Amino acid sequence: MEPFSRETKQKIVDACRFMQAERMVLGTWGNISVRTEAGVIITPSRVNYDTMTPDDLVTVDLNGRVIEGNRVPSSETDLHTAIYRRREDIGCVVHNHSLYASVFAAAEMDIPPIVEEQSQIIGGTVRCTPEYIPAGHHIDLANLAAQTLEDKNAVLISHHGAVCCGKDMDEALTVARVLEKTAQLYLFMKQMGVGERIIPDSLVHEERFRFLYKYGKA
């Protein structure tokens, strides 16, 4: 792989436009990063997705220091690098403000496991960070989000949005879509007044294990 892979950068640009088309972001609120051998390639700060090119992306080390690129990296770079430092299994981080996930972030509510896709690809309950951290307190927000994520593939940031992770970009984007669907379903359940219908922990673990080690394999 090239030290600063242009192919990877183009995939990130395409993913940003996909998020925009799926209405997961408004304007430049949201960011994507990919872990590579050379460092973490991340979207720049305040560059519109419609005009962004691979040359706009920035590569940083795991402490957020710029090692390649001419732009300022995302203001939420600390969020991405904090997750990569805690989770060696994660290769891509997607931060977005999708509508239904943001409802639960604004309400400071966790989303329990209610559908099998959530158990399989997210790993169970999507927790919300326990307190609101205002803009500009990037390190505090990053550390709290990374801690709250634990071993799951998604976390909600209180009064902010969602962070979705995966071993690669395809998985991280799938997590984002599954999270948004799950949040919408959970809101509908709340409106129906049916009470909690939650998949038991033992079955969540079974589904997750099956997805990781058996699904699609001979």
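Author: Two strands pair if DSSP finds at least two bridges between them, and strands are DSSP runs of E with at least two residues, numbered from the N terminus. The model is predicted, so local features need pLDDT of at least 70 and side-chain atom pairs 80 or more, while totals for chains, interfaces and linings use all residues. Residues are numbered from 1 along each chain as its sequence is written, and side-chain values use heavy atoms, without hydrogens and water.

Reader: Which residue in β5 is the bridge partner of Ser 33?

Author: Strand β1 (residues 31-35) runs antiparallel to β5, and 4 bridges join them. Within β5, Ser 33 has as its bridge partner Val 93.

Reader: Which residue in β7 is the bridge partner of Cys 92?

Author: β5 also pairs with strand β7 (residues 161-166), in the antiparallel sense over 5 bridges. The β7 partner of Cys 92 is Gly 166.

Reader: How many residues of strand β5 (residues 92-96) are buried?

Author: Buried means under 20% relative accessible area with a 1.4 Å probe, protein chains only. Cys 92, Val 94 and Asn 96 point one way, Val 93 and His 95 the other, and all are buried. The count for β5 is 5 of 5.

Reader: How much space lies in the largest cavity?

Author: A cavity is a set of points on a 1 Å grid over the protein atoms alone where a 1.4 Å probe fits but cannot get out; its volume is the space filled by probe spheres set on the points, joined across faces, edges and corners. There is 1 cavity of 30 Å³ or more. The largest cavity holds about 40 Å³.

Note on methods: On a 1 Å grid over the protein atoms alone, a cavity is a set of points where a 1.4 Å probe fits but cannot get out, and a pocket is an open set with protein on both sides within 12 Å along at least five of seven lines; lining residues have an atom within 4 Å of a point. Buried means under 20% relative accessible area, exposed over 50%, partly exposed in between (1.4 Å probe, protein chains only).
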